[in-house]
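Opening my notebook on this one. I'll jot down what I look up as I go.

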2 protein chains.
Amino acid sequence: MRLLTEAAIEDIALGAAVLGTGGGGDPYIGKVMAIEAVRKYGPVELYTLDEMNEDDLIVPAAGMGAPVVLIEKLPAGDDMIRAFEALGKYMGKTPKATMSIEAGGLNSIMPMYVAARLRLPMIDADGMGRAFPEIQMTLFTAHGITATPFAMSDERGNTILMETVNNKWTETFARTLVVHMGAMSMIALYSATAKEIKKAGIPGTISLAEKIGKSIRQARQEEANPVAALCKSVGAFLLFKGKLSDVNRRVEGGWNLGEAKLEGFDEYAGATHTLHFQNENLAFSKSGEFLVTAPDLITVLDVDTAEPITTEHLRYGMRVAVIGLPCHPAWREPKALELVHPRVFGYDIDYVPVEERYG
Amino acid sequence: MRLLTEAAIEDIALGAAVLGTGGGGDPYIGKVMAIEAVRKYGPVELYTLDEMNEDDLIVPAAGMGAPVVLIEKLPAGDDMIRAFEALGKYMGKTPKATMSIEAGGLNSIMPMYVAARLRLPMIDADGMGRAFPEIQMTLFTAHGITATPFAMSDERGNTILMETVNNKWTETFARTLVVHMGAMSMIALYSATAKEIKKAGIPGTISLAEKIGKSIRQARQEEANPVAALCKSVGAFLLFKGKLSDVNRRVEGGWNLGEAKLEGFDEYAGATHTLHFQNENLAFSKSGEFLVTAPDLITVLDVDTAEPITTEHLRYGMRVAVIGLPCHPAWREPKALELVHPRVFGYDIDYVPVEERYG
């Protein structure tokens with residue numbers, strides 16, 4: 001167990017936004033909420049899975065919806081606690097810890113808010129090692145852990161609980177509800193024992209996010225190249241440098257959907273590439289040819305500061321670097337890959353690991 | 001307490017479809033389900049509210065969705081029991097009885113299925129004395145009884161529970177879910193004590209339905225005029241006789257929505273009237289002038305047999321009688337009327353009681 005300092009939370013929020021591949025919410029909003037919670041309720045205790053008892057109940061916590069909405073509607077906090085507590089009450093069991101479902105500026109941090117406010121351990125792990133746009137797209141699903149019982153709550157005080165026959169139905173019902181909840185709600189789901197999560201989850205995601213955040217911060221302080229430092233620290237590939245020349249973004253079905261065009265500069269001058277996103281960046285293409293796709297990570301960074309830019313913040317004129325990072329190997333197993341294959345997102349192509357093209 | 005015989009169930013299903021004002025589901029389907037349940041599990045015991053203890057928990061049961069779907073998708077039965085039992089489990093209390101939320105061919109009968117299968121009393125009462133298309137449109141709402149905790153289940157085995165800040169939010173969330181459940185689901189809601197339901201509900205609705213059904217059946221046997229017999233038995237007004245010349249019906253947002261045009265015959269020859277419906281018949285007009293509207297009851301009957309015709313069965317060429325029946329006086333109190341005023345349904349007119357125009 002270690003205590004998360006405010007500095008650590010800053011690094012984690014920054015690094016998690018890199019792993020969030022454009023989704024998972026604005027790191028600034030997540031950071032502010034977590035630091036405020038820590039100041040008010042006390043520090044977050046970060047536990048490894050090995051430090052928990054095998055049958056301890058762990059209840060992940062997250063925000064669900066279109067991250068663009070967060071810019072104008074901050075999570076209230078009470079809604080997160082309400083969903084979390086509703087799930088424990090419904091199960092008739094006391095959660096022993098919370099954790100992240102996915103990495104992302106907000107969704108790596110929401111569990112810290114729960115952990116600080118309810119004085120619960122937070123686990124250094126998640127269910128994706130990145131962010132994905134739909135509930136069933138987790139390694140938990142691939143390992144047979146059910147998303148239900150599922151709880152969701154909005155800022156008005158409405159709470160929904162569900163038991164579904166599979167995790168895709170949880171997504172279907174929750175997605176239609178979140179639209180009526182103003183495109184943002186707080187959820188608790190995928191509750192499981194520490195033993196189950198050891199098998200299905202990705203350990204160390206919070207520490208990895210912290211390492212990424214730290215590498216960016218230190219490079220900035222040393223006036224080194226933060227994008228290069230980041231790539232080196234985690235083995236990511238620089239895919240492109242370009243200026244955003246067109247952003248087509250819409251909120252649809254509770255998601256941020258769209259495409260962004262990039263005109264290359266420096267060694268990429270003359271080339272045009274396209275980024276495709278549904279909350280997260282899912283594919284990167286050139287003239288209709290897909291270069292990198294999910295489940296590998298595609299992240300857009302400010303070219304000078306390496307600040308990750310989430311899909312809701314993409315704007316004309318931004319000068320960015322696009323990096324690609326191999327996904328966790330667990331995603332490349334058949335049962336996992338079928339949940340997040342490029343074809344699932346409507347791209348009729350085979351998946352080619354990023355390191356095969358850029359390594 | 002009295003036992004409901006198969007003959008009584010036949011009369012109730014017929015009469016309830018008259019009170020259902022075109023909605024509440026097909027009486028034939030309801031009847032078949034209830035009789036099958038009674039044969040399999042034993043008779044239904046019908047109790048008056050006075051026969052219950054004041055603090056007995058009563059949990060109403062109903063189907064929700066577009067009744068037209070029932071023509072091709074019969075309720076499975078298990079889905080109804082699953083919703084009912086999920087609610088009791090969630091509340092941590094044992095329901096002592098069930099009842100109808102609304103009168104209607106299916107929704108007067110679904111509680112009989114629950115009562116027969118779970119060996120529970122059914123209460124001779126409902127929450128409307130008719131049917132209405134939205135969850136919050138009950139006299140329970142007018143009396144401050146909450147629709148939540150609310151349970152809904154589909155035939156796949158998915159179950160949703162909700163707690164909302166008001167009954168309109170229950171409607172909003174449940175309606176969007178029912179669309180994804182194939183436009184039909186089974187629900188349990190408005191749980192309350194016998195004491196509360198005595199104040200808010202309408203007593204004797206099941207007996208009233210039975211009386212209506214019986215009057216039609218006897219008139220048919222005696223080769224009398226069943227429409228006239230029905231009007232006499234409950235004080236309804238004959239509004240029109242006509243042939244359906246156009247039916248514009250669509251399934252939208254989990255409802256049957258539409259209008260039907262009627263060309264008069266007999267003493268109404270030469271006149272054209274229009275029926276407006278949203279699951280239920282909500283208004284009856286002539287050349288844009290509204291003659292009768294909710295909350296009064298508008299029911300379409302086969303002109304010869306007085307068989308009530310639900311909105312999903314309206315078809316070109318049918319020869320029908322349209323009758324109007326004053327709603328229960330409780331609907332004319334301000335807090336109740338504002339829930340079901342013609343303006344709520346988009347008709348910008350004052351409510352004029354049917355007996356003022358036709359009495």
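Which residue just after α2(B) takes a positive phi? I checked, and Gly42(B) does, at about 110°.

**Ground rules**

I'm working with a predicted model, where local features need pLDDT of at least 70 and side-chain atom pairs count only at pLDDT 80 or more, while totals for chains, interfaces and linings use all residues. Residues are numbered from 1 along each chain as its sequence is written, and chains are lettered from A and ligands numbered from 1 in the order in which they are written.

**Helix α2 of chain B**

I stayed with this helix, which covers residues 27-41. Helices here are DSSP runs of H or I with at least four residues, strands are runs of E with at least two, and both are numbered from the N terminus. α2(B) has 15 residues and reaches 21 Å from first C-alpha to last, close to the expected 21 Å. That expected span is 1.5 Å times one less than the number of residues.

Next I looked for its buried residues. A residue is buried if 20 or more other C-beta atoms (placed from the backbone) lie within 10 Å of its own, exposed if 12 or fewer, and partly exposed in between. In α2(B) the buried ones include Pro27(B), Ile29(B), Met33(B) and Val38(B). They pack against α1 (6-19), β2 (44-47) and α4 (110-118) of chain B.

**Helix α8 of chain B**

Then I moved to α8(B), residues 205-221. Its 17 residues reach 24 Å, close to the 24 Å expected. Among its buried residues I noted Ile206(B), Leu208(B), Ile212(B) and Ile216(B). The cover over the buried residues includes α1, β2, β6 (125-126), β11 (202-203) and α9 (226-234) of chain B.

A reminder to myself: most residues other than glycine have a negative phi, and most peptide bonds are trans. I found exceptions to write down.

- Glu223(B) has a positive phi near 55° and lies in the loop between α8 and α9 of chain B. Glu223(B) is exposed, with 7 other C-beta atoms within 10 Å.
- Asn279(A) has a positive phi of about 65° and sits in the loop between β14 (272-278) and β15 of chain A. Asn279(A) is buried, with 28 other C-beta atoms within 10 Å.
- The peptide bond from Thr148(A) to Pro149(A) is cis, with omega near 0°. Pro149(A) is in the loop between α5 (139-142) and β7 (150-153) of chain A.
- The peptide bond from Ala294(A) to Pro295(A) is also cis, with omega near 5°. Pro295(A) lies in the loop between β16 and β17 (297-302) of chain A.

**Strands**

I count two strands as paired if DSSP finds at least two bridges between them. In chain A, β15 (280-286) and β16 (289-293) run antiparallel, joined by four bridges. Lys286(A) stands opposite Glu289(A). The two strands form a hairpin with two residues between them, and Ser287(A) in the turn has a positive phi of about 50°.

In chain B I looked at an open, mixed sheet of three strands in the order β1-β2-β5. β1 (2-4) and β5 (122-123) stand at the edges with a single partner strand each, so one side of each has no neighbour in the sheet. β1(B) and β2(B) pair antiparallel over three bridges, and Leu3(B) has Glu45(B) as its bridge partner.

**Where the chains meet**

How many residues of chain B are in contact with chain A? I got 16, touching 16 residues of chain A; contact means C-beta atoms, placed from the backbone, within 7 Å. On the chain B side, β8 (159-163) and α6 (167-180) give two or more residues, and α6(B) gives the most, with six.

β8(A) and β8(B) pair in the antiparallel sense over five bridges. There, Glu163(A) stands opposite Thr159(B).

Note on methods
Contact = placed C-beta atoms within 7 Å.
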